[in-house]
Amino acid sequence: NSDTNETGRSGSRSAPPAAGTQQKIDVNPPRGTRDFPPDEMRLRTWLFNNFREVSRMYGFEEVDFPVLESEALYIRKAGEEIRDQLYCFEDRGNRRVALRPELTPSLARLVIQKGKSLSLPVKWFAVGQCWRYERMTRGRRREHYQWNMDIIGVADIFAEAELISSVVTFFKQIGITASDVGFKISSRKVLQEVLNCYSISEALFGKVCIIIDKMGKIPIEEIKKELALVQLPGEAIEELLQVLSMKCLTELEEKLGAAGEAVSDLKQLFSLADKYGFSEWIQFDASVVRGLAYYTGIVFEGFDREGKLRAICGGGRYDQLLSTFGGDDIPACGFGFGDAVIVELLKEKGILPEISPHVENIVCSLDRDLQGVAAAIATRLRGRGQSVDLVLENKPLKWVFKRAKRVNAARLVFVGADEWQKGMVGVKNLSTGEQYEINVDELE
Ligand SMILES: OCc1cccc(Br)n1
């Protein structure tokens, strides 16, 4: 006979196969994905707690969205890598869906969904797993967790300054300094103003940005070829590459003039940086465009000054994204901060924290008949908010001490028949070694 369990799937009650005859399943996680056993999970929790602590400090509210989204959120025609690597499929309802490769489109979708019920500005943050399907030839991961902070409804550059300030605060909080990491800052308006006199269409602009984003990753000749392929005139390519090599705002101002938004936005950002106190963390670098088509203004990326690692984080202004999804024309900016490169950086700097497990009490009975007493003691301590690792089997003290060491227990509480006759329990402080008996009613 079969029964239907809570998931609605029927299960058969036939006898399990004899041990050792089962085909062993692959106990590793799917390619490109990670398990988080306790030691790795403690590090991840530490990292995410820092993400959340900074987000709270900046007055942001936490949100989340489904990992599975409609594929339509990510169909952009600019030739982005994120599009080529979309982890997408058709579900059993013949819907085109995708595992989210980033969080921003979901956030935009939720803002539009909430519509007028939201009072702007919206300051939301999320920490969520994002996916890409990449041929494993490059052996790169297919999932990572990203911290995102987004400000929706503020057109002023003040919003970008606030976001960069929050990331600087995060770096400082985990021991990273301005000599370890910097932010390259530019604006897509630089490209726009250079290309203005070449009447570049909106669609072509996105493609040009995605090609430019490959600078430093593929040979410059390749870049030129790809720009020519999207019909960018030769003269425009030369002028573009000349401007993109600029690292100094005054040089940019000489080229574009002071009247344009590109220069005035960047000047305002650098002036605000001074007021926030993060000037030493940032530098103008016209080559930064970021690899997402929807950026429209300031863009920035965090980089390790030794140049050994990929970008640590990145973000920018995306004023058109909501309207491209059919929403109102609401200005927006945000960043994404992955959970992988930052750990590599902390390892490089030798400041990856060692996070031990910890439990306040380990409680055990020295006699099988006293299990109930041990359970009652555990319940009493837990009722006081204390953590208790309750020994659930009749184990010798040697075993208990070994476990206490592994779980890093602060205190051992043990119940023995003789002491219990007098209503007493044994206590051992596992850091000082001090051991004493105490009336169970006085156990704190
Ligand atoms: O940074 C791009 C990206 C997106 C999803 C998953 C992974 Br791993 N990496």
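Mentor: A definition to begin with: Ala, Val, Leu, Ile, Met, Phe, Trp, Tyr, Cys and Pro count as nonpolar, Asp, Glu, Lys and Arg as charged, and the others, Gly among them, as polar. This is a predicted model, where local features need pLDDT of at least 70, side-chain atom pairs count only at pLDDT 80 or more, and totals for chains, interfaces and linings use all residues. Residues are numbered from 1 along each chain as its sequence is written, and side-chain values use heavy atoms, with hydrogens and water left out.

Trainee: How many cavities of 30 Å³ or more does a search of the whole structure find?
Mentor: One. A cavity here is a set of points on a 1 Å grid over the protein atoms alone where a 1.4 Å probe fits but cannot get out, and lining residues have an atom within 4 Å of a point. The space in the largest cavity is about 30 Å³, a volume being the space filled by probe spheres set on grid points joined across faces, edges and corners.

Trainee: What lines the largest cavity?
Mentor: Asp304, Glu306, Lys308, Leu309, Leu345, Glu348 and Lys349. By class that is five charged, two nonpolar and no polar residues.

Trainee: Where is Glu306?
Mentor: In the loop between β11 (298-304) and β12 (313-317); strands (E, at least two residues) and helices (H or I, at least four) are DSSP runs numbered from the N terminus.

Trainee: And what is Glu306 in contact with, leaving aside neighbours within four places in sequence?
Mentor: Glu348 and Lys349, where contact means heavy atoms within 4.5 Å. The side chains of Glu306 and Lys349 are also joined by a polar contact of 3.3 Å. That term means a pair of N or O atoms within 3.5 Å; within protein, one must be able to donate a hydrogen and the other to accept it, and residues adjacent in sequence count only if both atoms are side-chain atoms.

Trainee: Which residues lie nearest its centre?
Mentor: Arg76, Glu202, Ala293, Tyr294 and Thr324, out of 19 lining residues. The lining of this pocket has eleven nonpolar, five polar and three charged residues.

Trainee: Which helix gives the most to that lining?
Mentor: α6, with four residues. Both α6 (202-212) and α11 (321-324) supply at least two.

Technical notes: On a 1 Å grid over the protein atoms alone, a cavity is a set of points where a 1.4 Å probe fits but cannot get out, and a pocket is an open set with protein on both sides within 12 Å along at least five of seven lines; lining residues have an atom within 4 Å of a point.
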